[in-house]
Amino acid sequence: MKRRSFVKTAAAVGTVLPVSLNGMGLKTFEDSPLLRALSRRGSPDGKVLVIINLSGGNDGLNTLIPIDQYSNLSKARSNILLPEEKVLAMNGTTKTGLHTKLTGLKELYNNGLVNVIQSVGYPNPSFSHFQATDNWMSGSETSEAWTTGWMGRYLDGRFPGFPTGYPTTAMPDPLAIQIGNLVNLTFMGAEMNMAMAITDPNSFYNLITDTIDKTPDTPAGHELAFLRMVAQQSNQYATVIKAAAAKGKNMSTKYPVGGTGRRFQLADSLKIVAKLISGGLKTPVYMVSMGGFDTHSLQVDNNDHSEGSHASLMQQLSEAISAFQDDIKLLGLQDRIVGMTFSEFGRRVMSNGSVGTDHGAAAPMFVFGSAVQSGIIGANPTIASTVTEKDNVPMQYDFRQVYASVLKDWFELSTADVKIAMGGKDFNTLPIFKANQSSIEDYVDLVSQISLNRIYPNPAVNETNIEYSTEAGNIRISIYDALGRLIAVPKEGWHSHGSYTVNVDLKGFQRGNYYIQMAQGEKRITAAFLIQ
Amino acid sequence: MSSRNKFFRSFLGENPVFGKPISPQQPPNAGTNTQHQGNQSKNLTRRTNTGITPYVGAFGKPELLHLLRRSLFGVKMADISTFTGKTLEQTVDALLTVSSTLPNPPLNDYGNTNNDPNVIYGQTWINAPYDAALNNFREKSLKRWFWDLMANQSTDLQAKMVLFWHNHFAIQFLEIPLASASYVYSKLLFTHALGNVKTLTRAITIDPAMLFYLNGRLNTKRAPDENYARELQELFAIGKGTNSNYTEDDVKAMARVLTGWSINILTNPASTGFVASNHDTNDKQFSSFYGNAIIKGQTGIDAGNKELDDLLSMIFKTEESAAFLCRKLYTYFVYYEIDDTVEAKVIQPLAKVFRESGYDIKTVLKILLMSEHFFDNWNRACVIKDPITQQGGLCRQMELAFPVTTDYAQMYKMFQMGVDYGSLTQMVIGDPPNVSGWPAWYQKPVFNRSWINNDTLPKRNLFSDSLLVYGQKVGTAKVYVDPWIVTKKFSAPGTADTLIADAIEFLLPMALSTKQIASLKEILLPGAIPDYNWSDEYLSATDVSDPNHTKSLNTATIKLRSLYKSIMNLAEYQLS
């Protein structure tokens, strides 16, 4: 393993949260298939999606805490684990809680405005930032190398020929806006990126106030100033963005103020988004970004695990989302906007020796807004009693199911259009939005409907038996290895009500922890076992 | 009347409707960006006092790059290595040394769809008889060929000077009814690009295309046409500087000197003729500006030649002639603002050497390009690239592949890509807006800012965006820059900071702010993840045996494309 080794703590020491002076840039995704679809459908509702990218790989286990796994968690990550009494309770469950600093998010959840999807990932996860980010932005898998993004494909299909002829009377505004200087594969169409860039928030404020950064009093400086001014004016959407900024406003007093840098990165970005939407911009998709989640070392304060770098990130995330949601409520926009977080991966179950966590697999996603079904989809991840440094949270849901749900249930696309945007693949939707045909109630307390009763022997050597019970329905039993890879599907098919046992041949399996996932429809429960 | 006869009539001047042509492509938005107060005004609070004294400071990489950027349309990595370790003089001497072999002529790139009975597809049409139906195709072929010779220039000053002279002795191919005549004109520019200005001016004066363009063919003793005589002074040799005092009578006298020249359309290509009976054989009196010179009237078939020699001797004897040409060279190679100090410390001493050299272009360029003034920090990075430099230069920098193929139509379509973007950004090679050339090099006070407006700047970015990221449609193919060609030549492309620093140094004429650099780094390493992530990706992307190679190559390629695109989208990239 010469590269991309899973444990890079040595290299990471001393590089905790390197300060980025400019984490943000503003890009407008002009026309995208998504946007076109919206305008073609008339979309009088003016629905908006705000994608929040938590860049670097967020530690899901330190964000959404599986309280019922605490004893095993305390063995796996004692040097970083949040004290159980500091976990924030969530309405309606005692099994799952939120990080101490997610007070704003907790409040939103308790007010019925947050949908949480447990353990979101994909079958063969990549542990490389870049590949994983590409996977998430393109909607592809590790074995694929796609050059178009999930939004880009959607927008492409809806608006063939873009950008010729745009802006139009029907769609005078950017089709999407990105704040952050990421390579925005998300919005890459077959022909071109749907994004038009304004580099950063500073550029945004320069644009709306007609100012430019100072240049030296030399011939080169003077020519540069001239070029920058024209460049700023040349943004084809400058006029509409300026008009929206002038007309729009922010009403919440909850935004953190008075600073620059990462502390304010996300909140500042979301503040711009709210202002533009309130100013009447028809742009339906925004993407904002927040970095610093690559917490290989010192992610918590040694003396107080509820403080430290990851806690700061949680606080910033929570403050930003909370202020934004408050703002759009005060602005009367809350029924038009939903937000969705994603990160390229979660982090390893076991913490490392540097008081941090290395690249992992599945992690929770949050979708917020008045349009969501409040609650938690899926079960807590199962933490094995003895984890190794390799162990990961296996996926329960594919991230593309979340995307498909957004397209179908929020943007009201047909199943066929959703499939196009998903690169020709079918993904079942989840009860994230109120518009979904299923109720999240069906996903709560699944043990009464499906259960993994016993795995024996455990630890196993050459074989094991899985004993399970179910209501009548289609059942799928899957086995994931510690890396989160789908290894085997020992049982799949129709079951009538009852209890069953399936024998699994483990010969050829490497030693280590494995995870069994039982699914009925989109309901998921998991259990762990060990091969010795 | 057959189309052939129509052409003859037009070329011979029975229908003298072609005056000084008006540009079909005046910039629609030039100079409209004045409502903003920033320090983009041109009222510099300081100035420089350096002159043409030889530069004796360090000739390091920044100086080499500055020299190459101003001498070439785009600097390749190989150009840098060629001259690294050489002295300034060795470098300038090498840049001034051009091949005596002229470029291969333009080819028939249209024969696959439009048969030319006289020219085989893929062969040159320059000596073929006029063909009214095909002339337009030939003219397009010529412009494509010309663009290619700029974008794919050799590492010397020839191409840059060809463009200088094309702008200086401007004609518009679209006004010349015979593409082969426009080719002959173009060939003259290549022949004399770094030669003697008097010799070039002489050749241009009686060049068939110029005789057509500025009505020299219509200038007879019975009906003198002053058009060329006026432009020869105003635009080509004397200018309208404060010390330019030629008179209207001088224009008239000069027109009489130049009577009798004609175009011989029976040759292929057309050639210069002289009709002695159309020549004014009287003596021509000039004003005190020309020292009250009299050009003695000559007779016979050689009269035109003799009087032209006398005329050019008289013109180039004036001090203003050399100063005028030096100002134009200065504007082209250094900066457009010529204040009193620059006039005194650069223009006048340079003009003196120019005159003393008998108007040898190499002599004056060598002094200018080796001067302390040229290397003065004050004068670096302040030239806004013309479209050929921005677009052709990008292709050259990034080593875009221009395949040589027997699919001539497709090969020339690659060159047409450059012509098209030139058109979008207000510079079609072969078709300057009018006889004054492009406003960038003469129009006060905007000068080369006239290239940039709300319409052209996004199109410049579209060119780089297309070639770097989206792909540029060329015929049926989609053309991309391969970002790896340049990347692999950088010092340590697997190290993000070094890669970015190398790319900035290579692509931009000035340093970037810490904030800008951080923003570029965000492309390679989003979310402040540690640098080794890029190193890993680079290793995997460049190692075919790596299990993640395919995916890493895809990822790294996207990042490199985005990095270079972002650098090229910076305002700094428009500067040289």
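Before counting anything, I settled my term: a residue is buried if 20 or more other C-beta atoms lie within 10 Å of its own. I also noted that this is a predicted model.

**Entry 1: chain B overall.** By that rule, 53% of the 576 residues of chain B count as buried. I then looked up the secondary structure of chain B and found 24 helices and six strands. The C-alpha trace of chain B spans about 85 × 60 × 45 Å along its principal axes. I checked the radius of gyration too: chain B has 25 Å, which agrees with the value near 25 Å for a compact globule with 576 residues. Among contacts in chain B with a separation of 6 or more, 73% join residues 24 or more positions apart.

**Entry 2: the cores.** I asked which residues of the largest nonpolar core touch the most other members. That core has 176 residues, and the answer is Met150(B), Ala209(B), Cys326(B), Leu350(B), Val364(B), Leu368(B) and Ile567(B). I followed up on Leu368(B): beyond its neighbours within four places in sequence, Leu368(B) is in contact with Ile52(B), Leu329(B), Phe333(B), Leu350(B) and Phe374(B). There is also a second, separate core of 140 residues, and Val116(A), Val349(A), Ile479(A) and Ala527(A) are among its members.

**Entry 3: a helix pair in chain B.** Next came helix H5 (residues 135-151) and helix H17 (residues 387-397), both of chain B, whose axes come within 8 Å and cross at roughly 65°. From H5(B), the contact uses Trp147(B), Met150(B) and Ala151(B); from H17(B), Ile388(B), Gly392(B), Cys395(B) and Arg396(B). Sorted by class, I get five nonpolar, one polar and one charged residues for the contact of H5(B) with H17(B). Met150(B) was already in my notes as one of the core residues that touch the most other members.

**Entry 4: Phe506(B).** My last stop was Phe506(B), in helix H21 (residues 496-507) of chain B. Why does Phe506(B) count as partly exposed? Phe506(B) has 19 C-beta neighbours inside 10 Å, and buried would take 20 or more. I also noted that Phe506(B) and Gln397(B) are 109 residues apart in sequence and 8.6 Å apart in space, C-alpha to C-alpha.

How values were computed
Residues are numbered from 1 along each chain as its sequence is written. Chains are lettered from A and ligands numbered from 1 in the order in which they are written. This is a predicted model: local features need pLDDT of at least 70, side-chain atom pairs count only at pLDDT 80 or more; totals for chains, interfaces and linings use all residues. A nonpolar core is a set of buried Ala, Val, Leu, Ile, Met, Phe, Trp, Tyr and Cys residues joined through C-beta atoms within 7 Å. A residue is buried if 20 or more other C-beta atoms lie within 10 Å of its own, exposed if 12 or fewer, and partly exposed in between; C-beta atoms are placed from the backbone. Two residues are in contact if their C-beta atoms, placed from the backbone, lie within 7 Å. Axes are lines fitted to C-alpha atoms, for helices over the stretch in contact, and angles run from 0 to 180 degrees between N-to-C directions. Helices (H or I, at least four residues) and strands (E, at least two) are DSSP runs, numbered from the N terminus. Ala, Val, Leu, Ile, Met, Phe, Trp, Tyr, Cys and Pro count as nonpolar, Asp, Glu, Lys and Arg as charged, and the others, Gly among them, as polar. The radius of gyration is taken over C-alpha atoms; the globule rule is 2.2 Å times the number of residues to the power 0.38.
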